[in-house]
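Good morning, colleagues. Please take a moment to look at the sequence and the structure as they come up on the screen.

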Amino acid sequence: MLVEDATNAEPIAMHATNPVDNAFLLLDKDKLIKALQDIEPAKCINGKPLFKSYGKWNGLKQDQRVKVKQFWTANLDDAARQSIQDSIVQAVENAESDETARQALTSKHDKVRLLHLRVDPSMAGIWTSALREKTRQELDDRTGAVFEDPYSKLAEKFNDPSNIYQNATIIPGKIDANGCYCSVPGMESLAFKCYDIDPSMPTRPLRDGGWLRTKFKELKTAITKCYARFLRSGNQDAEHIYDEWALFADDDVTLYSKAIMTKADMDYLGKAIPEEAQSDTGVVDESDSLEKRAERAAARKRQRSDKRKRDENSREDDVSEMSSPGRSFPTVLDARLKAFAEIEAKKLENDTLRLDQEALRFEQESL
């Protein structure tokens, strides 16, 4: 890839038929201008590099752009042009590698923005859809014909530059006489470590639904563990609740979560949002709220209990039949023993008859 930014590339003209002109049209112009200005005079045919006063390509006038092109075509030999072209291509590839690495990194600013998105009231309905159990049909769907992935919708909101979240531990735009941040009253222990978090950092990379799903699971695990330790401590009603939370937080993001998440938020961190919380957003999924799911679970439990009772009653009926009047258990046993005795007597009779026949045949053979 030779062109880094399409806005810096001159439209390909119909008359650009030779390799030199084609290379000029495809190269990133800002990088090309910088290379022509830094070239050694000995490599220039006229012994002078490009004017240092030339800045960005988009800021040049038409006659200045023509001079840049003339410098490229007439003031350099093939070896110099090839060297510059290779260096620009390498610079573009390095920049792309840096961007790929930046995309792979996840900063605390990204994670905190995701937490803000989780407690955003306008996104409650979408989070409910994302966290509820899926039907077999939805799980098997791979084309999007049954439902649209809610995490993709959440990613759109996450990437929206107009969606601004402020650091909840400090007072925005306010500094003290020493030029330091001003923490929200009571959150001093949180702001001490989280004052530099920017949940709306403009240079953050774009994220997709898969990234949101994976990172939210990681955040849910970390916060849930911290919340469990916090509950076991028994200090939930302490005067300085944020100081108590700070004792159990393992990192800045988990520490920050207490600034924006209530007890209810943490209770429902990985669950469908309850119906009353959805009502605040105007988006109510009555069939998939936590209450409805709890009702269905209770109904399934009752069905299992009823089945166990029916099975127990069936076994009791079998026992009662055996112990009914006229057919007591000993009577039934006696009948079975009698039948067994009759079978054994019949076998003994047959054996006796066979032995008598063999004895008679032996006597006849002796005569």
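Predicted model: local features only at pLDDT ≥ 70, side-chain atom pairs only at ≥ 80, totals over all residues.

I begin with helix α10, which covers residues 209–233. This helix has 25 residues and spans 36 Å from its first C-alpha to its last, close to the 36 Å expected at 1.5 Å a residue. Just after α10, Gly234 adopts a positive phi of about 75°.

Which residues of α10 are buried? They are Gly209, Trp211, Leu212, Lys215, Phe216, Leu219, Ile223, Cys226, Tyr227 and Phe230. The partners against which these buried residues pack include α5, α6, α8 and α12.

Let us take α8, residues 150–159, in more detail. Its axis lies 8 Å from that of α10, and the two helices pack at an angle of about 95°. Because of that angle, α8 is roughly perpendicular to α10. On the α8 side, the contact involves Tyr151, Ser152, Leu154, Ala155 and Phe158; on the α10 side, Gly209, Trp211, Leu212 and Arg213.

I turn now to Asn75, in the loop between α3 and α4. Is Asn75 buried or exposed? Its relative accessibility is 6%, so Asn75 counts as buried. The side chain of Asn75 reaches two backbone atoms: the nitrogen of Asn46 at 2.8 Å, and the oxygen of Lys48 at 3.4 Å. Leaving aside residues up to four places away in sequence, Asn75 also touches others, among them Lys43, Cys44, Ile45 and Gln70.

Note on methods: Residues numbered from 1 in each chain as written. Heavy atoms only, no water. Axes fitted to C-alpha atoms, helices over the stretch in contact; angles between N-to-C directions. Helix = DSSP H or I, 4+ residues; strand = E, 2+ residues; numbered from the N terminus. Parallel < 35°, antiparallel > 145°, perpendicular 65-115°, else oblique. Contact = heavy atoms within 4.5 Å. Expected span 1.5 Å × (residues − 1). Buried < 20%, exposed > 50% of the residue type's maximum accessible area, 1.4 Å probe, protein only. Polar contact = N/O pair within 3.5 Å; in protein donor to acceptor, adjacent residues only side chain to side chain.
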